[in-house]
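Trainee: I am new to this structure and would like a close look at a single part of it. Could you take me through the sheet and the helices slowly?

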Amino acid sequence: MTSTARPAGGGGPVDPQAHGAFDAHRPPSAELLADCVHCGFCLPSCPTYVLWGEEMDSPRGRIHLMSQVREGEPLTQEVAGHFDACLGCMGCVTACPSGVQYDELITATRAQVERNTSRPPAQRLLRSAIFAFFPYPRRLRALRGPLRLHQRSGLSRLLRKSGVLQRISPHLAAMESLAPPLGAAEPVPEVTRAAGPRRGTVGLLLGCVQREFFPGVNAATARVLAAEGFDVLAPASQGCCGALSAHNGREPEAARFARRLIDTFESAGVEHVVVNSAGCGSSMKEYAALLADDPAYAARAEAFEEKVRDVSEFLAEVEPVATRHPLEVSVAYHDACHLGHAQGIRSQPRQLLGAIPGLEVREVPDGSLCCGSAGIYNLLNPGTARELGDLKAANVQRTGAQLLVTANPGCLMQIHSSLERAGTPMPLAHTIEVLDASLRGRQPSDLGVPGATRSTGGSPTP
Ligand code: SF4
Ligand code: SF4
């Protein structure tokens, strides 16, 4: 079952009625499985295949395993392990010339694994701990104080240098090293009025990790949208979008979060829901599929999905009105997988950055390969994530850029930690923080780039 040999033949028919060892609730679609012609074009784009060269840890191998389970082979822990090892980066979706919808296949398969297999106790405990905190902004907020103290006391530096935590638990060491340096909280008001003539009203998703660990990104997003003429509503009652749950097979939990978010933004009466976290945005664009069987929400989920926009996608659709001030800086732009591969948003962030006078965008070599963050993958599989992070850090360094820019909190944490470990730290920022700095007439030093005088506050615009 787990041989490294290439699966024989083409996709082959899979009985659409039978679901084999999967249960009857949304098994991976027989029709989609049959789309795979086993050509192997996706293999070089798959991070786990690149690292291990194992067929069953490639997209083609995983699709073969899904077909086999549908045909009655048991869903063993070993088989589930190949699905768990998938980062869900969707590099294979971009690479596949036959248009195989691996994203839908792996989403369905993960939910089946969650319902029909039992993981070892240590893994169950780790997953329970992660899901008891990450989708709950208030619980994450409670961690901020102790974490800041830990970082400021110097204990964090000591632990990383000594490697002692790595020896005790690589999972704990990963958590500790991924936490970004925490600054002061920057709450976003529930209403930010448009500067100048109002062009519309948008909702802003605050997120969980984004809100508590990168509050500056939300603040910058609200400022930029307001500067471009939009009223920004950020309801305080909004919760998690359910992305982490959906991407980890926790379908009922993801559906609960989705329903609540739909309720919140429907009440707010916004024309668009703007998102600055790639993983959240890609998940919110799949609400219609998630809630398709719910008569009370199916149509509302479809309508909601239509309104969701990544912030760079939204800004690229509207004529810019705010003045861009020069920012003399070179940036390496990293495509977050859930922005590039999952949402097909590649040109818009480059267009926004490229329109800033003085700013030079540089491409990261091998840029389409995942950095290893992949939601909570780097906490569950720290060894694999580390290897991918090291590859990414080396490629980012090759650009010689002064600043690394990306659009996902997970990628920011993963690349920051990988660059630190390599001994080549560099400043990082979200795309919207760079645009915000330009609109406010700030300097590269305000984004942490050394070598320029830090501005003393006050913003020329808007
Ligand atoms: S490129 Fe597409 S069709 Fe070819 S093996 Fe990969 S998933 Fe299957
Ligand atoms: S989603 Fe990423 S890790 Fe998973 S099979 Fe596709 S390319 Fe490989």
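Mentor: Two strands count as paired here if DSSP finds at least two bridges between them. With that in mind, and remembering that this is a predicted model, we can begin with strand β2 (residues 200-204) and strand β3 (residues 230-233), which run parallel and are joined by four bridges. Within this pair, V202 has V232 of β3 as its bridge partner. Strands of a sheet pair through backbone hydrogen bonds, either parallel or antiparallel. Both strands belong to an open sheet of five strands, arranged in the order β1-β3-β2-β4-β5 with mixed pairing. The edges are taken by β1 (191-192) and β5 (308-310), and because each has a single partner strand, one side of each is left without a neighbour in the sheet.

Moving from the strands to a helix that lies across them, α13 (residues 215-227) spans β1, β2, β3 and β4 (272-275), and its direction is at about 150° to that of β3.

There is also a packing of two helices to look at, in which α21 (residues 347-354) meets α25 (residues 431-439) at an angle of about 20°, their axes lying 10 Å apart. Angles under 35 degrees count as roughly parallel, and α21 and α25 are therefore roughly parallel to each other. The crossing in which α21 passes α25 is left-handed. On the α21 side the contact is made by P349, L352 and L353, while α25 contributes T431, V434 and L435. Sorted by class, this contact of α21 with α25 has five nonpolar residues and one polar residue, with no charged residues.

Key
Residues numbered from 1 in each chain as written. Chains lettered and ligands numbered in written order. Predicted model: local features only at pLDDT ≥ 70, side-chain atom pairs only at ≥ 80, totals over all residues. Axes fitted to C-alpha atoms, helices over the stretch in contact; angles between N-to-C directions. Parallel < 35°, antiparallel > 145°, perpendicular 65-115°, else oblique. Left-handed = near helix turned anticlockwise from the far one by under 90°. Contact = placed C-beta atoms within 7 Å. Nonpolar A, V, L, I, M, F, W, Y, C, P; charged D, E, K, R; others polar.
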